[in-house]
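This report concerns aromatic rings and the charged groups placed over them. Please consult the sequence and the structure shown below.

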Amino acid sequence: MRKNLHFLIVIIFTISLVSIFPANITFGANPYNLPVYNVKDFNAVGDGVTLNTLAVQQAIDKAAGDGGGVVYFPPGNYVSGTIQIGSNVTLYLEAGATIWGSKKKEDYIHGCLIYAEDAVNVSLRGRGSIDGNGTSFWKRENNRWRVGDLRPNRLLQFINCENLMIEDITILNSPAWTIHPIDCNRVTIRGISILTGIYEDDGPNTDGINPDGCTNVRISDCYIQTGDDSIVLKCTKASKSRICRNITVTNCVLITTETALKIGSETNGEFKNITFSNCAILDAGCGIGLWMRDGGLIDGWVIDNISMNMTPPFRNGGQPIYIWSYRREDDTPWGTIKNVSISNFTAVGDGGIFISGVKEKHIEGITLDNIRIFMRGKRETKWHKEPPYPFTVWGHHQAPHDIFCRYVDDLKIRNVHFTWNSPEKTEWGSVMRCLDIK
């Protein structure tokens with residue numbers, strides 16, 4: 001009797017699942033029994049050749065017009081130009097489905113592949129992929145990719161959107177910045193992978209995730225491999241709000257030829273209440289970076305539990321911590337940096353810690369706590385002994401080898417362990433130098 005009852009319960013549960021979820025879509029894509037719009041029902045062809053921009057846009061417009069739903073991509077290779085997502089629409093890429101960016105510049109209306117503006121409840125989810133066809137827009141010079149004459153400006157761009165979610169997908173070969181939300185509120189980016197070229201095949205300007213004037217942002221559990229900065233907060237002139245606030249980045253693995261975790265260099269606004277934590281950095285030109293150039297305000301930045309490791313033969317800098325302030329133009333106001341805490345940080349790199357404010361506007365309130373750095377010293381720099389003022393804007397590739405602090409008020413250094421490679425070079429000098437510190 002008990003076995004029969006158990007069997008009956010299993011049958012009832014199975015029938016319930018079949019009635020809730022459509023047969024042609026995985027359970028994770030449609031947990032609330034939303035209407036499903038299969039792009040193939042709108043004549044999309046996943047053959048890797050046919051341009052599907054119109055078919056995909058028709059599916060999205062139909063979903064948005066009906067009040068929302070899931071636009072579903074079954075396995076296949078879907079070539080497309082710019083597609084615009086409306087409110088309450090989820091793009092779901094099934095495992096084995098790839099959206100390929102068109103190789104033709106004229107197919108990009110908004111200068112990007114996937115676009116949304118003034119929309120709410122926009123989602124991009126699934127175990128499928130987006131391939132930006134980046135190398136189609138570059139040219140090869142001296143065994144490296146360079147920016148060509150024509151290319152899309154961004155791969156994914158979202159402007160003034162509310163409740164944006166990007167989850168689980170893999171993004172490859174972006175031709176420029178990969179994910180660029182502007183003036184968005186409540187952004188969740190979770191569990192995605194970004195794979196662009198690095199080392200000798202690095203992709204030019206292929207930033208990973210660039211929140212720009214965004215608030216209430218959560219980025220977590222991502223794997224990001226880029227030819228430029230991995231995760232960087234900005235307030236560019238494109239932002240109307242000019243506010244980056246309430247942002248967390250956690251549990252990410254980052255590989256980049258430039259900076260892994262960064263604020264700037266576009267700082268035309270304020271950055272407040274920001275936390276970066278629990279990240280592993282491998283082979284980065286810079287681990288933690290801050291560039292103040294545009295008269296903005298950075299107040300309240302906490303970095304905690306970060307590991308950085310450089311592996312030979314990485315060639316591009318390996319500066320663990322770099323904090324730099326100066327102004328972009330002679331008439332640019334001096335920016336403010338205060339209340340920055342970096343703790344529980346361990347690094348193997350080619351430099352040390354570089355912190356440089358300006359005479360007119362000292363950096364205020366820097367805490368370095370429980371930091372261990374092993375300095376390999378593989379990078380050559382002509383500016384170790386006497387770092388110029390102002391230091392060159394992209395100086396993380398040539399920063400001094402030691403802990404160098406200049407024009408800082410209220411600097412606290414606790415439990416910092418700094419060692420260097422052997423054999424020692426006489427130019428390395430001392431472990432720490434502080435100039436004009438209050």
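Are Phe354 and Phe391 buried or exposed? In this predicted model, both Phe354 and Phe391 are buried.

## Aromatic pairs

A pair of aromatic rings is described by the distance of the centres and the angle of the planes. The model contains 15 aromatic pairs. In one of them, the ring centres of Trp291 and Tyr322 are 5.1 Å apart and the planes meet at 40°, so this pair is tilted. Trp291 belongs to strand E26 (residues 286–292) and Tyr322 to strand E28 (residues 319–325), so the contact ties together parts that are 31 residues apart in sequence. Both Trp291 and Tyr322 are buried.

A tilted aromatic pair is also formed by Phe354 and Phe391, with 4.6 Å from centre to centre and 35° between the planes. Phe354 is in strand E30 (residues 353–356), while Phe391 is in the loop between strand E31 (363–375) and strand E32 (403–420). This pair links distant parts of the chain, 37 residues apart.

## The aromatic cluster

Which residues form one aromatic cluster with Trp291? The cluster comprises Trp291, Tyr322, Phe354, Trp383, Phe391, Trp394 and Phe404. Both pairs described above therefore belong to one cluster, in which Trp291 and Tyr322 form a tilted pair.

## Charged groups over rings

At Trp177, the charged end of Arg154 sits over the ring, 3.8 Å from its centre.

How values were computed: Residues are numbered from 1 along each chain as its sequence is written. This is a predicted model: local features need pLDDT of at least 70, side-chain atom pairs count only at pLDDT 80 or more; totals for chains, interfaces and linings use all residues. Side-chain values use heavy atoms; hydrogens and water are left out. Rings of Phe, Tyr and Trp (its six-membered ring) pair if their centres lie within 6.5 Å; planes under 30 degrees apart count as stacked, over 60 as edge-to-face and the rest as tilted. Helices (H or I, at least four residues) and strands (E, at least two) are DSSP runs, numbered from the N terminus. Buried means under 20% relative accessible area, exposed over 50%, partly exposed in between (1.4 Å probe, protein chains only). A charge sits over a ring if NZ of Lys or CZ of Arg is within 6 Å of the ring centre and within 35 degrees of the ring normal.
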